[in-house]
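Hello,

Here is the structure I promised to hand over. Please open it and keep it beside you as you read my notes on its salt bridges.

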Amino acid sequence: MSALAHPVLRSARLTLRAPEPADLDRLASLANDAEIARMLERMPHPYSRADGEVWLAGIGRDPAKLEFAIDDGSGFIGALSLRGLDETPVIGYWLGRPYWGHGYMSEAAGTALAWIFGGAWTFGASKAQAVEARAMTENTASRNVLTKLGFRDIGETDCASLACGTSRPARRYRLDRTTYETRNRGHAPVQA
């Protein structure tokens, strides 16, 4: 299995691109927020420059995973990942606190979904038939993003939180290709 070429995806206000070393200062500053870290599986808290360096160094090592920097034109404001691209993709994301409440995450995740379902992406000869996600039960904002994008709640699960050092109640979500296409006809991202 070979690594995917990293796409650059554009929406009305955002660019989803490969994270780069120039993002490190903003990454370390924005990610060092306990409210963000406690809602994510893999983010430590406190979050240091060294943590950011480790994350950046690991990008591209797993051919079935893509990491995107979310950029609003001023630079890095958050991240979005797609894991399991060789199976059923799983979307994950976070956004720096100063950027909450502006619809950026719905826009970024919607752009990634349009890329997956819109025909620009295939893994081998197959196209994704669904995308899945998990969100901690108390993470109302993330659960609202998923619902807004057409994901269906498919049941209980739990998520291990590195920052909290424990597993926490969560919900599983799934968006199938048919539902996506029915809801989103004509809304495809611009790929650079």
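Glu181 and Arg177 sit four residues apart in helix α6 (residues 177-183), so about one helical turn separates them. Helices here are DSSP runs of H or I with at least four residues, strands are runs of E with at least two, and both are numbered from the N terminus. A salt bridge means a side-chain nitrogen of Lys or Arg within 4 Å of a carboxyl oxygen of Asp or Glu. By this rule there are 15 salt bridges.

Arg177 is buried at 11% relative accessibility. Glu181 is partly exposed at 32%. Buried means under 20% relative accessible area, exposed over 50%, and partly exposed in between (1.4 Å probe, protein chains only).

The model is predicted: local features need pLDDT of at least 70, side-chain atom pairs count only at pLDDT 80 or more, and totals for chains, interfaces and linings use all residues. Residues are numbered from 1 along each chain as its sequence is written, and side-chain values use heavy atoms, leaving out hydrogens and water.

Next, look at Glu138 and Arg168. Their side chains meet in a salt bridge at 2.1 Å, N to O. This pair links distant parts of the chain, 30 residues apart. Glu138 lies in the loop between β6 (130-136) and α5 (140-148), and Arg168 lies in strand β8 (residues 166-176). Glu138 is partly exposed at 40%, while Arg168 is buried at 12%.

Arg17 is buried at 12%, and Asp23 is buried at 6%. A network of salt bridges links Arg17, Glu20, Asp23 and Asp71.

Best wishes
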